[in-house]
Amino acid sequence: MRLVIKYGGTSISSAKDIRAVANHLNSLSKKNQIVVVCSATSGTTDDLIEISQSIKKENKSKAEQLASKITNRHKQLAKQTIKKADLRKKLLKNFDDDFAELVALIDGMVLLGEVTPRTMDYLFSFGERLSIKLVSMAVNDSGKKSVPLTGKEVGIVTDSNFGESKPLIDTTRLRVSKNVENLFSKKTVPVVGGFVGADQHGHVTTFGRGGSDYSATIIGTCIKADEIWLMSDVDGLMTADPKIVKNAKLLKEVSYIEAIEMALFGAKQIHPRTFEPLLSKKIPMKIRSSFNLKNEGTLVTASPSPSVKNTVKCVSNVRNNGLIDIQGGSMVGTPGTAAKIFATLAKAGINVMMISQNPSESSITIVVKNADLDKAVSSLEMELLGKIIKKLEVTTNVAIIALIGSGMRGTVGVASKVFGAAEKNKVNVSMITQGSSELNLAFVVKNSDTNAAVRALHNAFALDKIN
Ligand SMILES: Nc1ncnc2c1ncn2[C@@H]1O[C@H](COP(=O)(O)OP(=O)(O)O)[C@@H](O)[C@H]1O
Ligand SMILES: N[C@@H](CC(=O)OP(=O)(O)O)C(=O)O
């Protein structure tokens, strides 16, 4: 079988786990052709993001402190993971070159005061640059030939939309398939850095947070994989985040469309574009735990078997958003108002996560990420306040709670059950929307009510008894 296996940061963050991953890959590669995709080790991308924030605040010593933290963590992991002395020495030498470059990059960014999306992508790519060397060397250490390749080296070519790039799929397919076939012919396992590619000028780009999942499906379609596995620290997609709901159950099968909704609404932090490449190619995906290989995990396919037909399959949540209530008398019955609001937000590069319009048309409410809130409010204020908008009311720190499941389509009483459960648990619901596909029903609560809301709905829809 031809497999793409992606390891999230949670699967490769201790020497014991990396060695287990390497041994598993070694034994799987005896009967299969495998491309491995790795994320950065847990916390590394967060640290790199903090470095960029420290540089923005001109706090060079904090940035350098964080770079040392990353350096020490990886050196420690290398020393504990790689048993053969010559391989360990080679890896540590290789790391030293990367660390020297990281420090030089920080210096350069500080000197120029340049924290642009392009320099940030280059900075963030260090996490995967380090993790692939570690994992690939561990595979070598286990006795199997392997090479580390960055997204750029394997041939992922993207547009130049730094921070949220998209692949140029035909060029990517040509380059990735050529590089991978060449390694397959040499019985060598490629360990590819996820999350990262390069534009046509060779500048490093990223797909946005969680982007390694997307890298795995892009590569999977390029090499015509039979299956793609996403490995993390949970058994698969569950009926809710198991960190919130202790009796959350594993979903054995979901459709691509349901998985997309789950990704959009925060379940398992999957990159929302992950399933796009699979929709036409219909490659099955398994979402599995690298710590529990006996469990087959969740199978994601175009059409799961009809026996799995619960009304609701998952309650997911996305915290840390802002709600903007856009009010204005002249909005009533004025065609084009919504278009002007959304054009203004689009021009500012804001991704709107939820929209609802009051039936009296006197207000439109939107939800955006907390990080986008300032930009969203200031652009609306500058362009439209006093014209079509009379007043903006902003609520920070809200969470979106979403019920997901294709069985909700045409089912009566879902919304009343949601409100009943929320009321019983004293959770105040401030906005509710349902996608026209009826695949999801989403509402907004205070951040602090997230866990209570998720548990109440999991209970109300008896998701612990899902089959
Ligand atoms: N519905 C869900 N099913 C499974 N895991 C979920 C769900 N919602 C949230 N999670 C969380 O997602 C985490 C794994 O995602 P992520 O941090 O992206 O892993 P990785 O870094 O391994 O890719 C789990 O530890 C789990 O707490
Ligand atoms: N390292 C990147 C890409 C990624 O996908 O990570 P993970 O698979 O660990 O969520 C990030 O943290 O966003």
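A residue is called buried here when its relative accessible area is under 20%. By that cut-off, buried residues make up 53% of the 467 residues in this chain. Please keep in mind as you look around that this is a predicted model.

**The chain as a whole**

- The chain holds 15 helices and 17 strands.
- Its radius of gyration is 23 Å, close to the 23 Å that the globule rule gives for 467 residues, so the chain is as compact as a globular protein of that length.
- Along the principal axes, the C-alpha trace spans about 70 × 60 × 40 Å.
- Of the contacts in the chain with a separation of 6 or more, 75% are between residues 24 or more positions apart.

**A sheet of six strands**

- Strands of a sheet pair through backbone hydrogen bonds, either parallel or antiparallel.
- In this chain you can find an open sheet of 6 strands with antiparallel pairing, in the order β13-β14-β12-β15-β17-β16.
- The edges are taken by β13 (354–357) and β16 (431–434); each has a single partner strand, so one side of each is left without a neighbour in the sheet.
- On average, neighbouring strands of this sheet are turned by 30° against each other, direction ignored.

**Helices lying across the strands**

- Helix α14 (residues 414–424) lies across β15 (391–404), β16 and β17 (440–446), and runs at about 20° to β17.
- Helix α15 (residues 450–460) lies across β12 (314–327), β15 and β17, and its angle to β12 is about 125°.

**A closer look at helix α3**

- Helix α3 (residues 60–81) has 22 residues, which at 1.5 Å a residue should span 32 Å; its end C-alpha atoms are 31 Å apart, which agrees.
- The buried residues of α3 are Ala63, Leu66, Ala67, Ile70, Thr71, His74, Leu77, Ala78 and Thr81.
- Seen down the axis of α3, these buried residues fall within an arc of 140°, so they line one face of the helix.

Definitions and conventions
Residues are numbered from 1 along each chain as its sequence is written. Chains are lettered from A and ligands numbered from 1 in the order in which they are written. This is a predicted model: local features need pLDDT of at least 70, side-chain atom pairs count only at pLDDT 80 or more; totals for chains, interfaces and linings use all residues. Side-chain values use heavy atoms; hydrogens and water are left out. Two strands pair if DSSP finds at least two bridges between them. Helices (H or I, at least four residues) and strands (E, at least two) are DSSP runs, numbered from the N terminus. Axes are lines fitted to C-alpha atoms, for helices over the stretch in contact, and angles run from 0 to 180 degrees between N-to-C directions. Contact means heavy atoms within 4.5 Å. The expected span of a helix is 1.5 Å times one less than its number of residues. Buried means under 20% relative accessible area, exposed over 50%, partly exposed in between (1.4 Å probe, protein chains only). The arc is that of the directions from the helix axis to the C-beta atoms. The radius of gyration is taken over C-alpha atoms; the globule rule is 2.2 Å times the number of residues to the power 0.38.
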